[in-house]
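Here's a quick tour for someone meeting this protein for the first time. Have a look at it below, then read on.

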Amino acid sequence: QRRARARSAAMGSAQCCTRRGDGSGVCDVNESIFGEDAFYRDAFYDCDEGNTMHDSLFCTAKEQARLKIRKTYVAANFASFELTRKTGVHTALGCCVKPSARGLSDDDLRRPSRDFNCDPEPKSWFGKTVKEWARPGLPDTGTGPYWSRSNGHSLKVRCGPSYKQTGKKTESQGTMYEAIGCDAIRGKEKLTNIVERFFLPDRLPPPPPPPESDAGGGHGLQWTKACPLPRVICINLMLPYTTGMLPMRKDGGCSFVGWFHVKPETIKAVAGPEPPSCVRLFKEFFEGPAGVPGGEQSDPNRSLFARVNSSTKKDQQAGLFKVIAKCLNPEDVQVPEMFHTYNGKPCLITKCGYIIRDPNREWLEVGIDVRGFNILARKMLCSFRQLLPRTKIQYGFLIQGVEDEDMPEGLLCDMSVHGIDMMEDPFDVDAAEEAAESNQAASSTS
């Protein structure tokens, strides 16, 4: 505390640190343009000389040091790669790039022309901006944009027993919801409240057609209002076009919106006396704090951070929302080799996420704003976005489990996207609305 007061006095009226809400003796760096996971984030613990009661807290210093070493290593490799890429000079540090990747030309990075066109109405773009890849296998590298249904496998999730001691993981086994659509949109400002703005009151995506095995026979269980889970989940991934280092610069960015529908087997499982742990965790997540349609943006229940217990490490809290992104063709993408070690690693979504729940409980919207990620992640997105049209990425979403009764973790939903271009593919919803209003005005005057 004395250190904090001294630093605050030295900096005038600027407050350098804030106390955590749980009242613990932890001093955190204020939020800034560096995002939730600030690069030089520290935690300090104060105790009286000779008092050993809080000695266990000093293990955090070791963890902070280890984390900083890892971050410094990543930042140094990224800086070296950027220097090599921009100057064309190969240094010893530049060897983190595969020789085969260095040979990519501009023609190699240029995506072939889209083989379909769309000109959707302002509020009927669902399923028209990104085409589904329904053929066997994956599309050719560099073609797209496409989305495809994944089988809920190949992503690593936590498993027991004693995960907190062993850190053991296993391959995911299926999903609770199936993908039914993916769209790329953008506007003058950041797009949120997707369902409320574009799909209410009667435009929600319909249920998917039954599988061929059910055709001609009885269908599986259908969602009803009695189901304790939502019928539709909308996940809004918001990507910025800039790093955010200039706060006064406007950046509407773009949104990739994924749509998922509950599976009949999930409806059956949640109605049983002992649902699987992943179904139980999502049911509890769905019941947790959430914003409402038409509610205030400042509503604290709208933020996924409202679910965080600040007195416990996030990776030891059950019920938090996680994302796993796995590049399926890393050999085709020119990025530093050491970044491949982070491929398929989970990412907790708290301060950079929002959640809106339908009062009638039919739908749930979860937003993930990459602007809230740390500066290194945002810089990487801006530096490597020209490579996205060559990537094939599987995204998985899940609720974190911790104790043995939560294991194994199960995927809530997943989807693969191929050949996405975040600059060219998004449909401008604001421009479409303005054009529709202009046409309507011209028709009324003629």
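The buried residues of helix H7 (264-271) pack against strand S9 (254-262) and helix H8 (277-287). Helices (H or I, at least four residues) and strands (E, at least two) are DSSP runs here, numbered from the N terminus. "Buried" means under 20% relative accessible area, "exposed" means over 50%, and "partly exposed" is anything in between, with a 1.4 Å probe and protein chains only.

Which residues of H7 are buried? They are Thr 266, Ile 267, Ala 269 and Val 270. These four span an arc of only 165° around the axis, so they sit on the same side of H7; that arc is taken from the directions from the helix axis to the C-beta atoms. On the other side of H7, Lys 268 and Ala 271 are exposed. As background, an α-helix has 3.6 residues a turn, so residues three or four places apart point the same way.

Let's pick out Thr 266, which is in helix H7. Thr 266 counts as buried because its relative accessibility is 4%. If you skip neighbours within four places in sequence, Thr 266 is in contact with Met 176 and Leu 229, where contact means heavy atoms within 4.5 Å.

## Where the model comes from

This is a predicted model: local features need pLDDT of at least 70, side-chain atom pairs count only at pLDDT 80 or more, and totals for chains, interfaces and linings use all residues. Residues are numbered from 1 along each chain as its sequence is written, and side-chain values use heavy atoms, leaving out hydrogens and water.

## The whole protein

Stepping back, the protein has ten helices and 16 strands. Of its 446 residues, 44% are buried. Take the contacts between residues at least 6 apart in sequence: 72% of them join residues at least 24 apart.

The protein exposes about 23,300 Å², and carbon and sulfur atoms supply 53% of that. Areas like this come from the Shrake-Rupley method with a 1.4 Å probe; for residues, only the protein chains shown count as cover.

## A buried arginine

Now for Arg 158, which lies in strand S5 (156-158). Arg 158 is buried yet has no salt bridge, and the nearest side chain of opposite charge, Glu 409, is 4.1 Å away. A salt bridge needs a side-chain nitrogen of Lys or Arg within 4 Å of a carboxyl oxygen of Asp or Glu. For charges, Lys and Arg count as positive, Asp and Glu as negative, while His and the chain ends are not counted.

What does the side chain of Arg 158 join by a polar contact of 3.2 Å? That partner is the side chain of Tyr 163. The backbone oxygen of Gly 401 also lies 2.8 Å from a polar atom of the Arg 158 side chain. A polar contact is a pair of N or O atoms within 3.5 Å; within protein, one must be able to donate a hydrogen and the other to accept it, and residues adjacent in sequence count only if both atoms are side-chain atoms.

Most residues other than glycine have a negative phi, and most peptide bonds are trans. Leu 200 and Pro 201 are joined by a cis peptide bond, with omega about 5°. Another cis bond joins Met 407 and Pro 408, with omega about -10°. Pro 408 lies in the loop between strands S14 (392-399) and S15 (411-418).

Ser 154 has a positive phi, near 75°, and is partly exposed at 26% relative accessible area.
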